[in-house]
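Me: I'd like to learn how to read a protein structure. Could you walk me through one?

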Amino acid sequence: MHGSTGCIVVVVEGSLCVDITVTGNEGAEVQIKCPYSQGFEECGKYFYKGVYKDRVTVLSSGEKTVNDRFSMQDDKKTRTFTVTIRNLIMTDAGPYGCEAWCVMSRDFNQVLLKVNKDLVTSFTSKPAFSFISTPKTQTPSPSPSIDTITACTSTGSTEGPLSQMDSDSLSVAVGQVVVLLVLLILCVGSFLLLKLWRKKCRTALHQQNDRKNREIQRKRACSVKSSDGRE
């Protein structure tokens, strides 16, 4: 059995970023060490099988386990709780989750357990020769292997189909861009209308001043003619 930490993408119901990877052999015992941050020593500890909404609670601190092959031990000094799985079977392989949970706070680690098949037991359990003719049956195509993995980027991002949360975030972002464009168009239109109104006001004022000036000049001309006639 060996464990390793890192970020890998596993083909299990889409893309999954894994924090802890542990490998064990069929029929043997494996230990999964789940670290947690300072301040979670007195919080509840949980061990799940599966991912996200489909996960099932296997172990929880303070409650009796329903499977005698699974056990949990919490070391508060090293801030690590260890989950032991005995008599590994092939169906034990897959994604798990370790969580230290307090009110409004949680420390979660995604775990991937791999189980190596015991080839010796599998080979000896089958007869070397068979003289009984059996009809051929069509075998279904194998599903994607859990061992198919690819590396994460340094930031922990994964390449795969967008999750529902990513789709919602994209829709919100597009909506915000549309609202900003509409507001920009309204602002530009208001500015152009204000500029046109000011131009019309200046033109009307200029025309009014021209009429007043012409009227003053006409009156002055009439006064000059009157004075000349009197002389």
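Me: In which helix is the place of Val182?

Reply: Helices (H or I, at least four residues) and strands (E, at least two) are DSSP runs, numbered from the N terminus. Here, Val182 sits in helix α2, residues 164–230. Keep in mind that this is a predicted model: local features need pLDDT of at least 70, side-chain atom pairs count only at pLDDT 80 or more, and totals for chains, interfaces and linings use all residues. Residues are numbered from 1 along each chain as its sequence is written, and side-chain values use heavy atoms, with hydrogens and water left out.

Me: What pattern does the chain follow along the sequence?

Reply: You'd read β-β-β-β-β-β-β-β-β-α-β-α, with 2 helices and 10 strands in the chain.

Me: Why does Val182 count as partly exposed?

Reply: Buried means under 20% relative accessible area, exposed over 50%, and partly exposed in between (1.4 Å probe, protein chains only). Val182 has 44% relative accessibility, so it counts as partly exposed.

Me: And why do Ile85 and Val58 count as buried?

Reply: Ile85, in strand β7 (residues 80–85), counts as buried because its relative accessibility is 0%. Val58, in strand β5 (residues 56–60), has 19%, so it counts as buried too. Across the chain's 231 residues, buried ones make up 23%.

Me: How far apart in space are Ile85 and Asp68, C-alpha to C-alpha?

Reply: Sequence and space are separate things to check. Ile85 and Asp68 are 17 residues apart in sequence and 8.9 Å apart in space. For Val58 and Ser71, 13 residues apart along the chain, the C-alpha atoms are separated by 9.4 Å.

Me: Now pockets! What volume does the second largest pocket have, and which residues lie nearest its centre?

Reply: On a 1 Å grid over the protein atoms alone, a pocket is an open set of points where a 1.4 Å probe fits, with protein on both sides within 12 Å along at least five of seven lines; lining residues have an atom within 4 Å of a point. A volume is the space filled by probe spheres set on the points, which are joined across faces, edges and corners. The second largest pocket has a volume of about 170 Å³. Its lining has 13 residues, and Leu16, Cys17, Tyr52, Phe108 and Gln110 lie nearest the centre.

Me: Which strand gives the largest share of that lining?

Reply: That's β9, with 3 residues. Strands β2 (17–25), β8 (94–102) and β9 (105–116) each supply at least two.
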